[in-house]
Amino acid sequence: MDAMQLRILIFCFLPLLLLLSSAAFAAPDGAHNITRILAKHPEFSTFNHYLSTTHLAAEINRRRTITVCAVDNAAMNELLAKHYPLPTIKNILSLHIFADYFGAKKLHQITKGSTTTSSLFQATGEAAGTSGYVNITDMKGGKVGFSPVDNDGGGRPMATYVKSIEEQAYVISVIQISHILSSPEAEAPTAGPSDLNVTSLMAKQGCKAFSDLITAQGADETFQQSVEGGLTIFCPSDESLDSFMPRYKNLTADGKTSLLLYHGIPVYNSLGMLRSSNGLMNTLATEGAKKFDFTVQNDGDDVKLKTKVVTATIKGTLIDDDPLAVYKIDKVLLPKELFKAAPPAPAPKPSKSAKSKGKSQDDEDADSPGPSADDEAVADEESNTNGGRALGGGFAAACVTLLVGILACIS
């Protein structure tokens, strides 16, 4: 191959290399948002609303292989006419969400004409036994039927496939079915979280010392009354509280109450919601100028709670049942309104060689405080995007450099 042929070959492949370099830093696709998908179809507005109200939408968006069986407003009105409480509606709608991908093509090509798949009702552990599974049957005449495994009939018509609403191959399939999927297990009465004794629950799950403090201080009523409107509690482990007790005893009565209320957020947050809503959070102790807030921040797979004084990490889930969530944390949260903020890290001492260059300048540098951790912006998403661009830019530059080098060699 002579030089001219090599040049022609290189310029033929140049567009391909540039395409690959642009793909290297393109934003990753595959993320889906069920609320936005259904918002384009007003006939599913009621179904869409209750996916958000029950927080099932957040669970759908979090998963990467999923099928949503939507029903139109008329079918939802039949369900709502039965006046089920919200936890029961959540269980019923969970049957409409499959932890597998079923696009229109796959539904009509089911092996042996029938299969059984796990719904979100089963995957989340809410269903007893196998009652959260759904049978899918490719029936005669091109119809596809859906029926919960424990469906006893009960006068319910079989739900059938109507149409595909939107598909992202092997990621999410949103289809319409004709009727509501339900079962005796899904419709069974559910004890609401407001019926639970919050402090008793924490005591049984390894947070007895903290729950005892809440009761002794008379703050248990505030926690209990907040459940109905949504409540998230961060409960320090008994071990972390033991070492903190000498400082706790030095607080005033109001200070003790504020500290305890500081561990509650007046809104329900699943762990997934906390990961996706980093930022400042008001607490039960927030009142006027008394901010009593802290920052929620991701750190890899961990979720951290940062005050101006201390950083705690969520170590486990005690309960996650809308409208109540209780998490165990490894440290007591210390608000700056009650405790002194952590001092900034001291600047490194100058070396002896640096001192010899000018003592007066070195003294000035040594007295300067180091950068405060509070000045560092939390921008995980932005950083990740920029990192992708840097990688893509480096790849593109490498491609161009390679081409120029080859051309130079054969010139």
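## Overall composition

The secondary structure of the protein comprises 18 helices and 14 strands, as seen in a model that is predicted. Of the 411 residues in the protein, 38% are buried, and among contacts between residues at least 6 apart in sequence, 65% join residues at least 24 apart.

## Nonpolar cores

The largest nonpolar core has 49 residues, and within it Met202, Phe234 and Phe294 touch the most other members. Strand S14, which spans residues 324-329, supplies the largest share of this core, with 5 residues.

In helix H6, which covers residues 86-94, the buried residues are Thr88, Ile89, Asn91, Ile92, Leu93 and Ser94. The elements that cover these buried residues of H6 include helix H3 (45-53), helix H4 (56-62) and helix H5 (73-80), together with strand S2 (97-98), helix H8 (120-123) and helix H9 (184-187).

## Packing of H11 against H13

Helix H11 (residues 208-217) packs with helix H13 (residues 238-249) at an angle of about 40°, and their axes are 8 Å apart. The two helices, H11 and H13, are therefore oblique to each other, since an angle under 35 degrees would be needed to count as roughly parallel and one of 65 to 115 to count as roughly perpendicular.

On the H11 side, the residues that meet H13 are Lys208, Ala209, Phe210, Leu213 and Gln217, and their counterparts in H13 are Asp238, Leu241, Met245 and Tyr248. Sorted by class, this contact of H11 with H13 has 6 nonpolar, 1 polar and 2 charged residues.

## The disulfide

The structure holds 1 disulfide, formed by Cys207 and Cys235, whose sulfur atoms are 2.4 Å apart. The pair links distant parts of the chain, 28 residues apart, with Cys207 in the loop between helix H10 (198-204) and H11, and Cys235 in strand S8 (residues 231-236). Both Cys207 and Cys235 are buried.

Key: Residues numbered from 1 in each chain as written. Predicted model: local features only at pLDDT ≥ 70, side-chain atom pairs only at ≥ 80, totals over all residues. Heavy atoms only, no water. Core = buried A, V, L, I, M, F, W, Y, C linked by side-chain atoms within 4.5 Å. Buried < 20%, exposed > 50% of the residue type's maximum accessible area, 1.4 Å probe, protein only. Helix = DSSP H or I, 4+ residues; strand = E, 2+ residues; numbered from the N terminus. Contact = heavy atoms within 4.5 Å. Axes fitted to C-alpha atoms, helices over the stretch in contact; angles between N-to-C directions. Parallel < 35°, antiparallel > 145°, perpendicular 65-115°, else oblique. Nonpolar A, V, L, I, M, F, W, Y, C, P; charged D, E, K, R; others polar. Disulfide = S-S within 2.5 Å.
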